[in-house]
Every structure is written in C-alpha cells, then in structure tokens.
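Work through the exercises below with the sequence and the structure at hand. Each task is followed by a solution in steps.

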Amino acid sequence: MTFLFLFLTLTARLTVSPSSSQFFEGDFVSLSCEEDDSSAGWTLRRNTSKQRTQCGDGWGKPAGSSCNISMMVPHDSGVYWCEFNQSTISNMVNLTVTGKLSVWMILQSPVLPVMEGDDVTVLCETKTTPSNLPAAFYKDGSLIRKQPTGHMTIQHVSRSDEGLYKCDISGHGESPSSWITVTGDTLTSAVDSAVRTEDVTHGEIDIKEKQEEAKMYNCCPLSPSWFKMNF
C-alpha cells in the first residue's frame, strides 16, 4: 500500500447560506469561497453519487466567488469544496437533500465547526407540518434529550459534544444524520492545513484516516463504504 501525502495551506473557506448541512428538495442554497485578500481564481467543486464536477457544469449558477443552486434536488447531495489551480483546497462540507420519496424531515445544524464554549442550537424541521412539534434528539445513536418545541440548545459546547446527530418526531419519521464538529481554535486555524492522499488503495487504515479528516472538516458520511466509493 502506497501513501503520498501533500500538505496544503488553506487560504479560503467554503461557507453555505443558509448555514445548514441538510436541505429539503426545492430549497435555495448559496455556496461561497471566502478569502481574506481575494476570492478570485477559486472554483467551487462537488463530488456526488453522479459525478465530480464544478459549478456551472450542469448544476448551479456561478456568481463571482459564489455558486447558487436555485432548487436543490436529491442528487445535489454530496461533498462540496473550493479549489485553486487543482491543488489547493478549502474545507469540505457534506450536504444532504431530502426529497419527496424520503421522509420530509431534516436536522438544521451548523455546517461549519463550532467553537468550544459557544451555544449551539439544532432544529428538527418537517416540510409539511409546523416546526415546533415535540422532537427527540440523538447523538451517536443514543437518545440525549426530548424537547417540546422541536429545537435543542447545547450550552457551552465542549469536545465531548462532537458527534453524529439526528432527530425524530413521533408519527413523522427521522431526519438524516449530521456531524457536528467542535474546535478549540478559530475557524481559520481549524482549516489551516489538510492532507490529501494520492495513489492509495482503500485498505482499512486508509479509510480510518479519511474518516478522521471528515470529522475535522465536517465533511462526509463516516461509513467505510462511502469513502471507498468517493475517494
């Protein structure tokens, strides 16, 4: 097994508006490559179940350093990032789109890492009913809290709050899961460097390393099968 690691300095970050990693079919989403000095030259790319392409190539509408998707559909689900000269990359975010053939429920949670000590609110939202229904919230598969109004606030988050979250509303179903990352550094330093693995075979060690990167950048589903298909 051969590993070639390239350490890349990240000078831009990808932001998502509205700030969520889950969306309903038909939602509008704007993705932006933000850099302190200039965002010129950055390309918004994605890797979905269909293909790996850039904004404007059959999806999205470029708008300067941003990419707007006017109506999200399920096949827009995937990993998104900014890229410069096919080498330097930004943080990655994983977006999930719930469609008409799925349960119309999402968990609204921070798409980017959150700072230790901050308060974080997550919302269990349905497409066709009020979003203030009682909801149960889960972390890493275990029930952590039931809330009467469909939202939960985690006060003064710490590293122990990092994990995979989902929610359900009785009689309506369960949301997809989203990873919440907690960092002790500023958001910029949290993505100061990344490791890109080239010329690898998908052995167990490689998959675990990719999973650790995914946790850091709030990137991807954590199942080994997903990484085998996408990296």
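**Exercise 1.** Find which residues valine 16 touches, not counting residues up to four places away in sequence.

*Solution.* The model is a predicted one. Take contact to be heavy atoms within 4.5 Å. Starting from valine 16 and leaving out residues up to four places away in sequence, the list is Phe23, Val29, Ser30, Leu31, Val93, Leu95 and Val111.

**Exercise 2.** Give the strand order of the open sheet formed by 3 strands, and explain why one side of each edge strand is left without a neighbour.

*Solution.* The order is β11-β13-β16, with antiparallel pairing. The edges are β11 (105-108) and β16 (151-154); each has a single partner strand, so one side of each has no neighbour in the sheet. On average, neighbouring strands of this sheet are turned by 15° against each other, direction ignored. For the pairing of β11 with β13 (residues 120-126), count the bridges: there are 4, and the two strands run antiparallel.

**Exercise 3.** Describe the hairpin of β14 and β15, and find which residue in it takes a positive phi.

*Solution.* Begin with the strands: β14 (residues 135-139) and β15 (residues 142-147) run antiparallel and are joined by 5 bridges. Lysine 139 has serine 142 in β15 as its bridge partner. Between the strands of the hairpin there are 2 residues. Aspartate 140 has the positive phi, near 55°.

**Exercise 4.** Summarise the protein as a whole: how many helices and strands does it have, and what share of its residues is buried?

*Solution.* The protein has 3 helices and 21 strands. Of its 231 residues, 45% are buried, where buried means under 20% relative accessible area. Among contacts with a separation of 6 or more, 61% are between residues 24 or more positions apart. The accessible surface is about 11500 Å², and carbon and sulfur atoms account for 50% of that surface.

Methods. Residues numbered from 1 in each chain as written. Predicted model: local features only at pLDDT ≥ 70, side-chain atom pairs only at ≥ 80, totals over all residues. Heavy atoms only, no water. Pairing = 2+ DSSP bridges. Axes fitted to C-alpha atoms, helices over the stretch in contact; angles between N-to-C directions. Buried < 20%, exposed > 50% of the residue type's maximum accessible area, 1.4 Å probe, protein only. Areas by Shrake-Rupley, 256 points an atom, 1.4 Å probe, with all protein chains shown as cover.
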